[in-house]
Amino acid sequence: MTSVGGAVPRWATRGDAVLRNVRVVDVVDGTVGPSTSILVRDGLIERIAEDASEGAQVPTADLDGAYVLPGLINMHTHFSLSLPGPSGADVEAFGEAGLALYMADGARRTLHSGVTTVRCVAEKGHADFALRRAIDAGWVQGPRIYTAGRALACTGGHGSGSDDTLECDGADAFTHGVRAQIKAGADLIKLMISGGIAGEHETISTPQLTRDEMAAAISTAHAWGRKVTAHAGPADVIAEAVSLGIDGIEHGYELTPDVCAAMAAQGTALVPTLVVTRASAFFDELGVPAWMQERSLGAGERHVASYRMALEAGVEVLLGSDMPPFWAFEGTTAVVRELEHMHAFGLDRAATLRAATLSPARWLGIDAQTGSIAVGKRADLIAMRGNPLDDISALRGIGMVMKNGVIVRDDRENE
Ligand SMILES: [Zn+2]
């Protein structure tokens, strides 16, 4: 951030720059190009060439042979997450002002972890809309936000009891719930169609919405041009949602080959969030109760089996961390750990990188603007020393983050 004429500006929201001496990772064909440079003007990639900056008067960063990827897109984020336990109780007690500040801090740390776009899938108090506006205006730093507003659940259903869900009962109430989120500014709709890990009075396999409720929500959202995704565990509930045209499934703890085949046939994406059933250190840190720990870790084996079935059937899988993307976890961040799990349990490296970039961009309908490195797209870029096509854990070394042509993190300053 530069100061002009003594005035302190907002965070820049678009920038000009040249990144020299970089190797571009092509997430479409899974290859790395020769050493090159990238010229960025007004937030967009203008040229990729050996000397892209020729004649251009723009700030230059020499990245010394670093590998450059499109910024990560995290499809399952909650900036206002409050799990059972003392840490979650603190979040619940913040009040509106405290919550907004806490979410702004999470947004900044998310961006700095290499995530340049997020999809929020249940946030408290509609503060996500204020946060989205503040980031777009340059009041605070954060990723580009696509958000569902509040998730819709039945009375007593998954996530209910906190302000990030709206309880609805009956088809009319779900129709109203969808319209209320869209009125507030929602880009998509999130439904809680089964139980989950963090609900004490349910099991993962508890079905929670009737067919009429799901049909009303999905058809209303689609009529308004919004996609719908659902927190979901068991296969029969998911099969019903897929038959009604749902666009995405979160977690999918208990999938079967049949429901995976239906998802693949319809193009329903899966955001597996594998990290949530193998995160005991994270839960310890938050002080979550024993029943939740047991349920989470107990579901881990079946969760991975479901994920493998989805890959086998050709279901499109997308990156989503559920826990805060930037959270320090097992020697890296939650978002990088999730990508390591996605690869370790069966997705090849190039496909893993696509699941974190171009595929989510397609789901969000923004692949013409971001998700790969190409002339005319937004300069949402991350750089690292190692080649992630040789080793996914190279992402642990993300040392530069650019959003819309603005370098928001540059570890060379600390070297
Ligand atoms: Zn979640």
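**Close-up views of a predicted model**

**View 1. Strand β8 and its parallel neighbour β7.** In this predicted model, Tyr146 of β8 is the bridge partner of Arg119. Strand β7, residues 115–120, pairs with β8 in the parallel sense over 4 bridges, and the chain passes from β7 through helix α3, residues 127–137, to β8 in a right-handed β-α-β crossover. Within β8, which spans residues 144–147, Arg144 and Tyr146 point one way while Ile145 and Thr147 point the other way, and all are buried. In a regular strand the side chains alternate between the two faces of the sheet.

View 2. Gly233 lies in β12, residues 227–234, and is buried, with a relative accessible area of 0%. Leaving aside residues up to four places away in sequence, Gly233 touches Ser194, Ile204, Ile238, Gly252, Tyr253, Glu254 and Leu255.

**View 3. The largest pocket.** This pocket has a volume of about 820 Å³, and among its 37 lining residues Ala12, Gly405, Val406, Ile407 and Val408 are the closest to its centre. Elements giving two or more residues to the lining include α3 and β8, while the largest share, 5 residues, comes from β19. By class, the lining of the largest pocket comprises 17 nonpolar, 9 polar and 11 charged residues.

**View 4. The second largest pocket.** The volume here is about 700 Å³, and of the 38 lining residues, Ser82, Leu83, His158, Gly159 and Ala198 lie nearest the centre. Helix α1 gives the most to this lining, with 3 residues, and the lining as a whole has 15 nonpolar, 16 polar and 7 charged residues.

Notes. Residues numbered from 1 in each chain as written. Predicted model: local features only at pLDDT ≥ 70, side-chain atom pairs only at ≥ 80, totals over all residues. Heavy atoms only, no water. Buried < 20%, exposed > 50% of the residue type's maximum accessible area, 1.4 Å probe, protein only. Pairing = 2+ DSSP bridges. Right-handed = clockwise from strand over helix to strand, strands pointing away. Contact = heavy atoms within 4.5 Å. 1 Å grid on protein atoms, 1.4 Å probe; cavity = no way out; pocket = protein on both sides within 12 Å on 5 of 7 lines; lining within 4 Å. Points joined across faces, edges and corners; volume = space filled by probe spheres on them. Nonpolar A, V, L, I, M, F, W, Y, C, P; charged D, E, K, R; others polar.
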